[in-house]
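Q: I would like a close look at a single part of this protein. Please start with one spot and then go through the part in detail.

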Amino acid sequence: MQTTYIDTQQISFEDFKKSVLQDYRLGRISREMSLLGRREVLTGKAKFGIFGDGKELPQLAMAKVFRDGDWRSGYYRDQTFALAVNVLTIESFYAQLYADTDITREPASAGRQMNGHFASRTLNEDGSWKDLTKLKNISSDISPTGGQMPRLLGLAQASKVFKQIKFDGSEKFSNNGNEVAFGTIGDASTAEGHFWETLNAACALQVPMIVSIWDDGYGISVPTHNQRAKADISEMLSGFQRKEGENQGCEIIQVKAWDYPALLDAYAKAEHFARTESIPVVVHVVEVTQPQGHSTSGSHERYKNEERLTWESEYDGLLKFREWILSYSVEIEGQEEILATLEELNAIDAEAKKTVKEGQKKAWEDYQRPIVALKDQILPLVEKLTYENNEISAEVIKFKALISVAKRDIFHLARKALLLTRGSVSAERTQLQKKYDELFAVEKDNYSSHLYSQSQWKATHVKEVKPVFSESSEEVDGRVVVRNNFDKIFEKYPETLIFGEDTGNIGDVNQGLEGMQEKYGEMRIADTGIREATILGQGIGMAMRGLRPIAEIQYLDYILYCLQGMSDDLATVQYRTRGGQKAPLIIRTRGHRLEGIWHSGSPMAGIINLSKGINILVPRNLTKAAGFYNTMLQSDEPALIVECLNGYRLKEKQPDNLGEFTVPVGKIETTKEGKDVTLLTYGSTWRLVMEAASELEKLGISAEVIDVQSLIPFDLTHEISESVKKTNRLVVIDEDVEGGTSAFILQQILEKQKGFRYLDSDPLTLTAENHRPPYASDGDYFSKPSVDDMVEKIYGLFTEINPKKFPAL
């Protein structure tokens, strides 16, 4: 078993002294980084600053028990911790403050995240996994308060999974499950539902998790007593305290932020509980100060009274640490030993200030160097055009008068010059255009790459394997196809697990997992509580640690509980780390065409707009759904797969190659050939469209029916525009509200695929009413596109074209 901090504390006085002074040195360096960082913002060299001053001591204590293989899911105050575990340097701290896009100088996000958002790089350049057991791992931070909590649950649960499950390569993700997941959160953010949902789930699951609450008494300007039912979060959490002999609950430890020895003791105990007993622990760090206030956007003097400000000044953690060091003495073999003299601490302070200034200066020079290089490439080319246009001379003068030059200023100058010389044909303009295109492509990559994977495991790289049918292929319920395919998946991929409400014991509400828990065990096929946000979070965290989780959200409308995590966290993992981390989670849900306000809505437009970065797949039947699972398990990207809720009892022919066949992502399927009009749809509505197309044939209208299959990515080979080119007419049929998914589809076809060029009639959309469908089949009929609606509206299109052949209804 891996040793804990407590197990290693028999050290000599000299080693103890060295450790204490190193902590003091790091604390002073971190404080100077905060102080100088604020000045860099206020002088205009950086856009915004938010810092971790006041929280240095507890983070130094936490870092001591953070071991290789461990994980952190925190928020933007943890710079001292990141420094202490060597994930952050002074230079990279300022590189992020300046938004430096160089990944070597700013490895957390390559300038994509504002300062204070930390991340380690868990992937190699080719997108493959590093050996995470040899790294101190920081999952990429997000700003939404409390949003880091659900992911923390999954990071912790992965350790519990790895204690039971091994697979080829699992040794580089976990050392027999001995890792602990550390979370950090501000005390005001404990008012968020995500905090309570995560802690509740952790206490039920009994996972190795340590949550540190930095309690400085305020949430920006709002004091604690206005945030929660009780000002003391430890008192509120007392009901979560585990009882002897029970396998539920957590440990709660309260400690003062300025008490260095008590902090060491608190985190040593917390680690012992979490690492050796797999018990979640809350470390409530009280009396935290915030010397510079919340951020550079305001002053805490506006809302803190003189008494509070005086107290914060007196109880500053570094000041108290300094006092403790100077007062510490111990007699060893008759000799009094001290930790440091006043002069020695003053020297450390001076050294810290100098070291930080040097690091900041280097970071600024490194950041400026490529900007100067850009200017040196563009400005001379623009100046060559001044003889063509006097206005360009004025633009150059304005540019040269700028006090500080950013990339946007350089590119604006180039674009303005090209605009002012439009219509001109000259070698100088051609040279500028060529250089502009070359440099803009680089910046496009700097700012817009890695929304999706760029590795060999990208979802669209997975080769299509068609389902194989034979004379012996059975006609079965759709739920049997997906169930038997899951059976093959769990057999083939031991790192795959699924969890959700009713997923385990009863095999999901539609029996798509019937018998799977009995066969593969409760760890891999698991029931959860009713808590969608943390079901998603379990999946994100476990996927970040090399497992292949499938998070089941019982119904499509319950996805709304997950949208914050999907949008802010999962969808942006690869983007916000510029390929440094990934979380290939599959979200399983079901929906479409069921009666009633609940479980029957189709919030697809909200999902596709908020979840760019996640593959959004909408199979028309359970065979297609099974194929998408097989595809995505070969990919390193996340996906949402929406199964047809009314398809589980419909008969489908079961493929002979279960677990092997794949459905390509980003590819449509033409399910009926036609020559007069293209009908475009997806999901359960497809069956109705096929029925309507058959009715239209009887009326003399030959309709081509296309199943979109994949909303994101959408028709990568532009086959839909080829269909429209043939039929010259387009109708999008969708059960989302008007202007919802149909608007996205039209934009893709008309604008991106230039399909407007082939239309002889206005494109039509046939959507649901703008309310959710009422209960029962009549509710569906009168609120969502019915076969009658489809036939009449499409027939009406041809009435306008040829009223003699197609008289008005």
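A: Thr122 sits in the loop between helix 4 (90–98) and strand 2 (137–138); helices (H or I, at least four residues) and strands (E, at least two) are DSSP runs, numbered from the N terminus. Please keep in mind that this is a predicted model, in which local features need pLDDT of at least 70 and side-chain atom pairs count only at pLDDT 80 or more, while totals for chains, interfaces and linings use all residues. Residues are numbered from 1 along each chain as its sequence is written, and side-chain values use heavy atoms, with hydrogens and water left out.

Thr122 counts as buried because its relative accessible area is 1%; buried means under 20%, exposed over 50%, and partly exposed in between (1.4 Å probe, protein chains only). Leaving aside neighbours within four places in sequence, Thr122 is in contact (heavy atoms within 4.5 Å) with Trp71, Ser128, Trp129, Lys130, Leu132, Asn137, Gly580 and Gln581.

The domain assignment, automatic or from a database, gives domain 1 (13–340), domain 2 (368–448), domain 3 (459–653) and domain 4 (669–801). Taken over C-alpha atoms, the centres of domain 3 and domain 4 lie 26 Å apart. Their contact takes 33 residues from domain 3 and 30 residues from domain 4.

Together the two domains bury about 2,600 Å², with 55% of it on carbon and sulfur atoms; buried area is the accessible area (1.4 Å probe) that two parts lose on being put together, summed over both. Arg593, Glu595 and Arg620 supply 32% of the area that domain 3 buries against domain 4, more than any other three residues.

Arg620 also forms a salt bridge with Glu669, the closest N and O atoms being 3.3 Å apart. Three salt bridges are counted between domain 3 and domain 4, each a side-chain nitrogen of Lys or Arg within 4 Å of a carboxyl oxygen of Asp or Glu.

On the domain 3 side that touches domain 4, helix 20 (604–610), strand 16 (615–617) and helix 21 (622–632) each supply at least two residues. By class, that side has 17 nonpolar, ten polar and six charged residues, where Ala, Val, Leu, Ile, Met, Phe, Trp, Tyr, Cys and Pro count as nonpolar, Asp, Glu, Lys and Arg as charged, and the others, Gly among them, as polar.
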